[in-house]
Amino acid sequence: MNFEKDAQNLFDILISHPWDSGSGRKMLFLKHRYYVFDEEHKLLDGGVIRYNKTLEKIFIRNEDLRGEVFLSLEGEKIHLQGTVKSKLAGQINIDNLLSNYPHPLKAPLSRVAKVQSHLRPKDIYEILLSRKEIDESFLQSYEASLHAFTSDQARELYIKLSPYYFKNFKIRTLKTICLYFSTSSTNDKLYEELFMFLMGFQIAYENDSILEYDLNFFISALRPRLLEIYDKRPSSISINMINETFLYFNIDSPHLPSPKQCVAKLYDKDLYIQQEYAYYLSLMGDKVQEVEDDIFKRLIAFYQESFFIFKQRIQGQKIQDEKLKKEVTELSTLLALIQSIGACKSDKEEVHLFFLFLLSNNEDRVKSTAKKAFVNTQEKAEKTFESLGLVKEAKQITNL
């Protein structure tokens with residue numbers, strides 16, 4: 001290290017890097033503050049400094065100390081010389097040579113001390129990145145400096161926040177994450193991180209780890225940013241993924257397919273497309289009531305022979321063996337349609353009997369899905385069973 005006094009004043013040299021006091025203490029000087037650390041880099045003390053360029057002198061002040069210390073250059077070392085007064089120890093004479101300390105020291109960020117105003121965004125980023133604990137100070141510093149961080153810096157710090165949130169699900173952390181997603185400039189990486197977070201958020205919500213209030217806050221905060229994604233999406237995020245996310249979180253968009261458009265796709269030659277649009281219907285809630293007949297028709301197209309036989313048997317009718325064409329249906333499509341018909345909360349007798357048929361099914365996944373879907377229409381269905389004289393049979397099948 002070669003100092004050039006003419007090109008750089010003493011104070012610039014003082015704040016250019018950390019210093020070793022030679023007595024087991026490390027010192028870090030900022031433009032308006034100083035900090036003292038021990039050998040293990042634990043903070044011991046700190047305070048305010050003010051520089052007088054004419055006299056090459058700094059004024060020191062903290063809770064205990066008041067004093068003036070002159071600066072001078074001796075080779076590659078800074079000489080501190082002066083007197084400070086301590087409430088606890090009385091007058092203290094300072095005569096120290098500070099040598100360059102090769103390891104970085106990070107200023108402890110504090111809104112009270114307004115340390116951030118004396119640091120570059122890069123410094124704040126490095127301090128936060130090195131912090132092991134996520135606390136209120138971390139969150140506040142991150143939020144305050146978001147506008148000044150580069151996209152990569154903001155994302156790297158978000159990557160520290162995300163797993164922390166999924167460990168404790170604190171709303172305070174979620175608010176900081178929402179601020180990152182809603183105010184950062186949009187690019188492919190931002191949307192990729194957002195959708196990864198959304199997938200984790202959905203799983204946590206389904207596991208009852210997230211409160212309804214937190215969910216509503218999250219979607220409300222990110223709705224404007226999410227609505228832009230159809231035009232700005234990266235190639236790694238498909239339209240299907242966006243549609244599923246919007247429907248799951250009940251986010252309205254003119255780009256979403258309507259219930260009638262979904263029903264039309266249930267007859268597509270591509271079984272994957274049938275499956276996808278059946279899943280959309282299962283996420284639409286009450287909106288599927290307008291296409292109840294179409295959904296039921298599609299279900300019957302798969303089950304009609306066995307359902308008609310079941311209905312004849314349970315109603316004590318003569319069983320007629322009739323061969324009907326069966327619509328090919330993947331199991332996942334079938335399960336989604338069963339969820340959808342449940343969401344219709346049907347008044348129709350035929351639908352209520354169809355639920356009895358599903359609940360007597362030998363396929364466990366069909367029976368389990370039907371049981372959950374039946375809850376939506378159970379009250380109406382019980383009246384139907386009573387009117388048809390099927391209360392006993394219904395109780396045996398439904399175990400209700």
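Below are legends for a handful of close-up views of this predicted model.

The model is predicted, so local features need pLDDT of at least 70 and side-chain atom pairs count only at pLDDT 80 or more, while totals for chains, interfaces and linings use all residues. Residues are numbered from 1 along each chain as its sequence is written, and side-chain values use heavy atoms, with hydrogens and water left out.

**View 1**
Eight strands close into a barrel in the order 1-2-3-4-5-6-7-8, with antiparallel pairing. Strands here are DSSP runs of E with at least two residues, helices are runs of H or I with at least four, and both are numbered from the N terminus. Two strands count as paired if DSSP finds at least two bridges between them.

**View 1. Two hairpins in a row.**
Start with strand 6 (residues 65-74) and strand 7 (residues 77-86), which pair in the antiparallel sense over 10 bridges. Two residues sit between these strands in the hairpin, and G75 in the turn has a positive phi of about 65°. At L65, the residue standing opposite is S86 in strand 7. Strand 7 then pairs with strand 8, again in the antiparallel sense, over nine bridges, and this hairpin has three residues between its strands. Pick out T83 and you'll find its bridge partner N93 in strand 8; likewise, I78 stands opposite L98.

**View 2. P108, out in a loop.**
P108 belongs to the loop between strand 8 (90-100) and helix 2 (121-130). Buried means under 20% relative accessible area, exposed means over 50%, and partly exposed lies in between (1.4 Å probe, protein chains only). P108 counts as partly exposed because its relative accessibility is 28%.

**View 3. Two nonpolar cores.**
A nonpolar core is a set of buried Ala, Val, Leu, Ile, Met, Phe, Trp, Tyr and Cys residues joined through side-chain atoms within 4.5 Å. The largest one has 95 residues, and Y142, L281 and I295 have the most contacts inside it. Helix 12 (residues 292-314) gives the most to this core, with nine residues. A second, separate core has 20 residues, including F11, V36, I49 and L98.

**View 4. Around Y142.**
Contact means heavy atoms within 4.5 Å. Skipping neighbours within four places in sequence, Y142 is in contact with L128, F149, A154, L157, Y158, L161, T176 and Y180.

Helix 9 (residues 239-248) has I242, N243, T245, F246 and L247 as its buried residues. Their cover includes helix 6 (188-206), helix 7 (212-227), helix 8 (229-232) and helix 11 (271-282). N250 follows helix 9 and has a positive phi, near 55°. In the loop between helix 9 and helix 10 (259-265) you'll see S253, which counts as buried because its relative accessibility is 11%. Leaving out neighbours within four places in sequence, S253 is in contact with L227, Y230 and F246.

**View 5. Cysteines without a bond.**
A disulfide is a pair of cysteine sulfur atoms within 2.5 Å, and the structure holds zero of them. For C344, the closest cysteine sulfur is in C262, 13 Å away and so too far for a bond. C344 is buried, with a relative accessible area of 3%, and C178 is buried too, at 2%.
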